[in-house]
Amino acid sequence: MGKDVIIALDFKNGAETMNFLEKFKDERPFVKIGMELFYAEGAPMVRKIKERGHKIFLDLKLHDIPNTVQKAMAVLSGLDADMTNLHAAGTKEMMEAAVKGLTRADGTRPILIAVTQLTSTSEERMKNELLINAPMEEVVMKYAKNACEAGLDGVVCSPIEAGKVHETCGKGFLTVTPGIRFADGDTGDQVRVTTPAKAKEIGSDYIVVGRPITEADDPVAAYRRCVNDFVD
Ligand code: C5P
């Protein structure tokens, strides 16, 4: 599984999304469809983007009882997504059910990765509201290990955690990392940011990049800059 740049299509509807994608004439970037776009436009949007030749990461973060997640994952697999995800907090049983649901009759399936603790959750809130007393890093690594043992392919994590995840779960366990900014760009609301080159150095397998590309004056050039710094 090669390194790649995934563009976060954080647009509110299909028209804005297609308008953005049509700027790409020569390449077909790997793209991420999140809850906003999926809830607005549904499965037809996934098929339309697939038909244009893009790989798709469906970022829907499933978390429910194992039986429900298994059935929902079977639907997402049928949409021909290339990557999807769930919350590791749903337990190993839920993650194993997800792998079963995703696996197609021919044995293939999309890449399945887990969200450990959301980066928006502070250690203080985790302790006071979720009653999880272990330090954040220990929780993230334990959830990553659970995901690995359940047969998942990797986790979403900060590039800063990617090295440690590889140490804990092995080099082949994928790290998909958002929070990417160019050294000369705006950080926006992201707190701990890393450049594409630094993410490569740390060992991220995929970087997820939204606004540095979608809000650039020249999105195609910004995408190529990411590929150049991260992949090539
Ligand atoms: O615009 P920006 O590059 O910050 O977008 C990053 C993308 O990655 C968004 O779609 C955001 O929801 C997602 N993401 C994140 N941090 C996480 C998990 C997902 O920024 N921990």
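Q: A crossover counts as right-handed if, when the strands point away from the viewer, the path from the first strand over the helix to the second runs clockwise; which elements make a right-handed β-α-β unit?

A: In this predicted model, the unit is made by strand 1, helix 1 (residues 14–21) and strand 2. Because the term requires a clockwise path from the first strand over the helix to the second, the path from strand 1 over helix 1 to strand 2 is clockwise in that view.

Q: What makes strand 2 and strand 3 a pair?

A: Four bridges join strand 2 to strand 3 (residues 56–62), and as the cut-off is at least two, the strands are therefore paired, and they run parallel. Here I33 has L58 of strand 3 as its bridge partner. Strand 3 is also joined, by three bridges and again in parallel, to strand 4 (residues 83–87), where M83 is the bridge partner of F57.

Q: Which strands belong to the closed barrel, and in what order?

A: The barrel is closed and has eight strands in the order 1-2-3-4-5-6-7-8, with parallel pairing. From one strand to the next, the twist averages 25°.

Q: Why is strand 2 called mostly covered?

A: A residue is buried when its relative accessible area is under 20%, and five of the five residues in strand 2 (residues 30–34) are buried, so the strand is described as mostly covered.

Q: Why does T91 count as partly exposed, whereas L131 is called exposed?

A: The relative accessibility of T91 is 42%, which lies between the limits of 20% and 50%, so T91 counts as partly exposed. L131 has a relative accessible area of 67%, which is over 50%, and therefore L131 is exposed.

Q: What backbone angle is given for T91 and for L131, and where is each residue found?

A: T91, found in helix 5, has a positive phi of about 85° although it is not a glycine. L131, found in the loop between helix 6 (123–128) and helix 7 (136–149), has a positive phi of about 60° and is not a glycine either.

Notes. Residues numbered from 1 in each chain as written. Predicted model: local features only at pLDDT ≥ 70, side-chain atom pairs only at ≥ 80, totals over all residues. Heavy atoms only, no water. Buried < 20%, exposed > 50% of the residue type's maximum accessible area, 1.4 Å probe, protein only. Helix = DSSP H or I, 4+ residues; strand = E, 2+ residues; numbered from the N terminus. Axes fitted to C-alpha atoms, helices over the stretch in contact; angles between N-to-C directions.
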